[in-house]
Amino acid sequence: MSSYDAVVIGAGPNGLVAANRLADAGWSVLVLESAPEVGGAVHSAEDVHTGFVHDTFSSFYPLAAASAAIRSFRLEEHGLRWRHAPAVLGHVRGDGSWAVLHRERERTAELFEADHRGDGERWLELCRVWDRIGEQIVHALLTPFPPVRPGLGIARRLPRVGGLEFIRTLLTPVADPTLWPFQGDGPTLLLAGNAGHSDIPLQAPGSGLMGLLMTMLGQTVGFPVPEGGAGRLAEALARRLRAKGGEIRCASPARRIVVERRRVVAVEPADGTRVTARRAVVAAVVAPILYGRLLAEDDVPGRVRRGMRRFQWDPGTVKVDWALSAPVPWSDAPAYPPGTVHVADDLADMTRALGQLSADLVPARPFLLAGQMTTSDPTRSPLGTESMWAYTHVPRKTAGDAGDGGISGRWDRDECERFADRIQDRIEARAPGFGERILTRRVLGPHELESRNPNLDQGSLNGGTSQLHQQLVFRPVPGFGRAETGIRGLYLGSASAHPGGGVHGAPGMNAARAALAHDRVRRLGPRR
Ligand SMILES: Cc1cc2nc3c(=O)[nH]c(=O)nc-3n(C[C@H](O)[C@H](O)[C@H](O)COP(=O)(O)OP(=O)(O)OC[C@H]3O[C@@H](n4cnc5c(N)ncnc54)[C@H](O)[C@@H]3O)c2cc1C
């Protein structure tokens, strides 16, 4: 039987962040990971087409670039190198024209100004407002709830950005026609598309904040990608951890967390051994895995058990990867090629697609998030080619197909391929000849995503819905909003914990900090 100060379950970004923080504090740490490699949903491989690196799940990391937790690890000293596309983000409309977010705000403003007089200055004014308060907002979102210190910082700055009117802006749905001051549709398309990165409906409160946050991150830190593939970010975290003395066991799923007298004492991997956790266990897996599989039912506090009955997932996902013999032949290619691409005819088209999803219908004309990865990082595929992906969300329980394909939600190979055709048609319509450039196509449906990472239940991205009723103190169940689980020494450190999905490491960092703080109190206790 082996023994460590802490056992971390799951080597996704959150587990690796938690483990690094605990190792920094001098703790001995073991990370158990069920997959053969580290990274969770931060993974890449040359498994679609020879010579092409594809990110299996996530790709763009503005949240990591903005995260104080990840920045504090100085991963560049452990092999990480960020790369940026010429433009951060582009939205390609139905007529093939683009709205583009350039990394330099003045350039973005020029593009908006060219579309509509005055929109350039309006854009710069929005950026200036963000300059005054944005850092505090990011800080508040990425620290444990309630965010006391950043909250005070926001309160101090609020008068300079319009006071309560600004708070109202953040709470207003992103698609509200009165929300943004722009005359052209470009800025609003970018803001709304960025809100579409979460599962908050565009007409619901919270979507305005999400859209503004992601857009302004794009305007300040960009949407960077790790040179060589997403997996390089996870490798850098793992390398740093090992350099600090931490251990990682891959292909070693945790099967059971052992609790005695309401305190966690050990973790049992699937090989039947037992690993003692002297000080803490961080479960960096989604809440249903922690509370439904790893803990015995009797060990789960009643309040959590009851709360988990109403836990809501975010929708499923279908992702398509392509190896292309040449860049995407956009009919009206933008002057600055973007790394991230949003595909929807206009705001109404996007709202309709997401509305169909909310009604449990397979979208007829799905809103696409796409990545031009060689455009972002030339090492991803041979010169003159493109490593590309697009994904969209699908209902978890399908009530019907809003399109004419009769997709039932079985998501077997036939349905995945037919839906991938629907996705591809949207790109082909804006880039005639796209299909002729495809060397290989791979479709990962909800079942394939989950089989590659059990955390991604039906391909859910965020460890549970990001909608307001399951955020803050409601995440993952009412009354929490922090890493504590109600079992002493056991912490939830995954995207299911506040502040949720995305690669920023905040849930992992929050869990590690909570473990360290409680341990300090525990050690001081008897001596008092
Ligand atoms: C298709 C897709 C695209 C995305 N795009 C982006 C993006 O571009 N930018 C962004 O910021 N975010 C993106 N995300 C979201 C982001 O990747 C996740 O929110 C993030 O990875 C969550 O981190 P995590 O550590 O909580 O969980 P995960 O990354 O899922 O890691 C959890 C780990 O736990 C392991 N595990 C599960 N059960 C056990 C067990 N019993 N024992 C041991 N190990 C176990 C899993 O194998 C996995 O490695 C995307 C997600 C997906 C699926």
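Guide: Let's start at the ligand: one of its oxygen atoms is 3.4 Å from a polar backbone atom of Pro13. Keep in mind that this is a predicted model.

Visitor: OK, and what does the backbone of Ser59 do there?
Guide: A backbone N or O atom of Ser59 sits 3.2 Å from a ligand oxygen atom.

Visitor: How much of the ligand's surface does the protein bury?
Guide: The protein buries 94% of the 1,000 Å² that the ligand exposes when taken alone.

Visitor: Which residues come nearest to the ligand?
Guide: Out of 30 residues around the ligand, those are Asn14, Glu33, Phe60, Gly502 and Val503.

Visitor: What's the shell like by class?
Guide: There are 17 nonpolar residues, 12 polar ones and one charged residue around the ligand.

Visitor: Switching topic, where is Gly222?
Guide: Gly222 is in the loop between α9 (207–220) and β8 (225–226).

Visitor: Is Gly222 buried or exposed, and why do you say that?
Guide: Buried, because its relative accessible area is 0%, and the cut-off for buried is under 20%.

Visitor: What does Gly222 touch, leaving out residues up to four places away in sequence?
Guide: Pro62, His84, Val88, Arg103 and Leu217.

Visitor: And how far is Gly222 from Ile257?
Guide: Their C-alpha atoms are separated by 40 Å, with the two residues 35 apart along the chain.

Definitions and conventions. Residues are numbered from 1 along each chain as its sequence is written. This is a predicted model: local features need pLDDT of at least 70, side-chain atom pairs count only at pLDDT 80 or more; totals for chains, interfaces and linings use all residues. Side-chain values use heavy atoms; hydrogens and water are left out. Helices (H or I, at least four residues) and strands (E, at least two) are DSSP runs, numbered from the N terminus. Buried means under 20% relative accessible area, exposed over 50%, partly exposed in between (1.4 Å probe, protein chains only). Contact means heavy atoms within 4.5 Å. A residue is near a molecule or strand if one of its heavy atoms lies within 4 Å of it. A polar contact is a pair of N or O atoms within 3.5 Å; within protein, one must be able to donate a hydrogen and the other to accept it, and residues adjacent in sequence count only if both atoms are side-chain atoms. Accessible areas come from the Shrake-Rupley method with a 1.4 Å probe; for residues, only the protein chains shown count as cover. Ala, Val, Leu, Ile, Met, Phe, Trp, Tyr, Cys and Pro count as nonpolar, Asp, Glu, Lys and Arg as charged, and the others, Gly among them, as polar.
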